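Please work through each task before turning to its solution.

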Amino acid sequence: MEKVRIQDDLYTYVNQAKLEELVIPDDMPVAGGFAALSTDVEKLMIGEFNDMCKEASYPNEHLARACTLYRLAKDVKRKKKHGIKPALKNLSILKKLNTMRSFNLHTKELILKNIALPLNIMVEANMKDTTHHCVMIQGASVILPDVSYYKNEQQRDQLLNLWSGFAKQVLAIAGHSEEEIDALIRDTLAFDALIAKYAKSQEEWSEYVKMYNPMKTGRVAGMVKPLNLKKLLKDIFGFVPEEIIVTEPRYFKNFKEIFNQETFEMYKNWAYVDTLMGSCSLLSEELRDLGGAFRRALSGIAAISSPEKYAYQLASAMYSEPVGLYYGEKYFGEEAKKDITEIVQQIVATYQKRIATNDILEQATKDKAILKLSKMGLKLAYPDRVEEIYNKMVFDESKSLFDIVSSLKRIRMEENFAKLDKEVDRTHWAMPGHMVNACYDPFVNDITFPAAILQPPFYSINQTRSENLGGIGAVIGHEISHAFDSNGAKCDELGNLNNWWTKADERKFNKKVNAMIKQFDGIELPWGTVNGKFTVSENIADNGGMAVTLDIMSNSEGVSFEEYFANWARVWCQKAKPEYQALLLQVDVHGPCYLRANMPPRNFPEWYTTFNVKKSDGMYIAPSKRVVIW
């Protein structure tokens, strides 16, 4: 194997040996990196679940329910006995909808039964007043991963034909004749095409602040006729809110073309097929296989996951907070929590210093940015308690798996609707303790770092400070930087949409954002072309995370920039199926791991001095094209 030079390709230089030995599991699209840690946590917790089930001994009632759900979900014989019947019984309501009037009488019931509708209603924090909730409305989802897939007719038809093949097999198991199946598929694809015509692309969704389009309820109700929106809202909330946040204005301005008296039967067939396909994982193993086959094909996944693995994923998702709290308390120590807290506080303080000494921004903008940092909440490892909703997550274990999960989803949905008149709970954790991930919530202004990500190579109390700064330090800096990326910069210290920039500073910032877009846009990789605009917020965050941790490194004694950059590259080590890589370019706001490792270092002088990088080297870019935003 030919050894590459670090000056030409940091990612490959550091990870070449590891990439050679990595083997992608048959039931996954990727190996290494975040996926490897997730797999390790999963194996550990499956062992915990098995032990609890075997001994019938549980730390609390929440874990007892999670383990019961796990046990039922992996019982293949039990699932086969129930088969497809529970899903068909749930869908039988569609037969009652002979007229638009009957549809409007049953719309709330359709929502609570999780049956696909041409619109979706949810309660979220109001982006302009994040202490209170609001009603948000958005359109239906398309069959393909993104509306961009529909622009290429050949690709669209090929993928929809593939999906149709699996759907036809499911419909045959449901007892439909060939003639019925053809009609169901034809109507489903036709209705899907209507949705795709006006739905937002993933690139559009990535500018999430543009979801905020408040409209008077009466106006929205007029846009969605013949659906009786006011009646639906009254049925759900007991009253009709004065205002609704419309997340997809284009979709709803054209709603009457999608959903009307002429398309009503087409809608019903689409709702039947779409909901049935989405229910397959809760039915027999044969149906779980068929229901997930299209997604696996898109990702290059060779085989279905084991019943045990599926059961754990289902149970740990439904009872995520209790499972995460158990994991955090058992496998994450107080010493490590104290150490990681100090790292976070140092990074926040360094960020504040960098903004205070920024020679481009005006003082008014600096003051607002520093205020935002000072108010940023820190959620590290795991919460102190589980939320009240888990006391309500009770089920009848004599029921089918489909009915059990449907009842739990209904509890969650009703809880979401009940939030409308309540203040936003800013203590809510966006991620559970057993998740290998991290996030920034722009509408609360806090960062969450679950215990599961706080392990090697990201972090270890036994790693050097340089390695920890290049790993978890840069990731912490990344999440903090989301407060000042192309979306987060539009929210204030309380998470409210609020332009706190001077006009001159806003122009300078947008110029830098555009420079970041250009740095990534159009890069050709073996599996596709990078969209710089789609990934810009994550690229800004990577850049900011590196900037702040390199600042700490430069002002510390006994550190090693070689170790820092090596661990930065190490955390992005990943081997993935080409199909999955191509899919991510279309649907994931994060750039490919290869570029996340190799692009940010080129913007900083420490990279060039540490490894004597010259103009002739692959990891060199001219000073005029280097971008540092924060």
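**Exercise 1. Determine what share of the contacts in the chain joins residues 24 or more positions apart.**

Solution. A contact means heavy atoms within 4.5 Å. Among contacts with a separation of 6 or more, 74% are between residues 24 or more positions apart.

The model is predicted: local features need pLDDT of at least 70, side-chain atom pairs count only at pLDDT 80 or more, and totals for chains, interfaces and linings use all residues. Residues are numbered from 1 along each chain as its sequence is written, and side-chain values use heavy atoms, with hydrogens and water left out.

**Exercise 2. State how many helices and strands the chain has, and explain why it is described as being as compact as a globular protein of its length.**

Solution. Step 1: the chain holds 28 helices and eleven strands; these are DSSP runs, numbered from the N terminus (helices: H or I, at least four residues; strands: E, at least two). Step 2: the radius of gyration is 25 Å, close to the 25 Å given by the globule rule for 630 residues, so the chain is as compact as a globular protein of that length. The radius is taken over C-alpha atoms, and the rule is 2.2 Å times the number of residues to the power 0.38.

**Exercise 3. Find what percentage of the 630 residues is buried.**

Solution. Buried means under 20% relative accessible area, exposed over 50%, and partly exposed in between (1.4 Å probe, protein chains only). By this rule, 57% of the 630 residues are buried.

**Exercise 4. Locate the cis peptide bonds at Pro-226 and Pro-457.**

Solution. Step 1: recall that most peptide bonds are trans. Step 2: Lys-225 and Pro-226 are joined by a cis bond with omega of about 15 degrees, and Pro-226 sits in the loop between helix H10 (217-223) and helix H11 (229-237). Step 3: the bond from Pro-456 to Pro-457 is also cis, with omega near 5 degrees; Pro-457 belongs to the loop between strand E8 (446-450) and helix H22 (465-481).

**Exercise 5. Describe the phi and the setting of Asn-114 and Asn-612.**

Solution. Step 1: most residues other than glycine have a negative phi. Step 2: Asn-114 has a positive phi of about 65 degrees, in the loop between helix H6 (100-112) and strand E2 (119-126). Asn-114 is partly exposed, at a relative accessible area of 42%. Step 3: Asn-612 has a positive phi near 50 degrees and lies in the segment after helix H28 (605-611). Asn-612 is partly exposed, at 49% relative accessible area.
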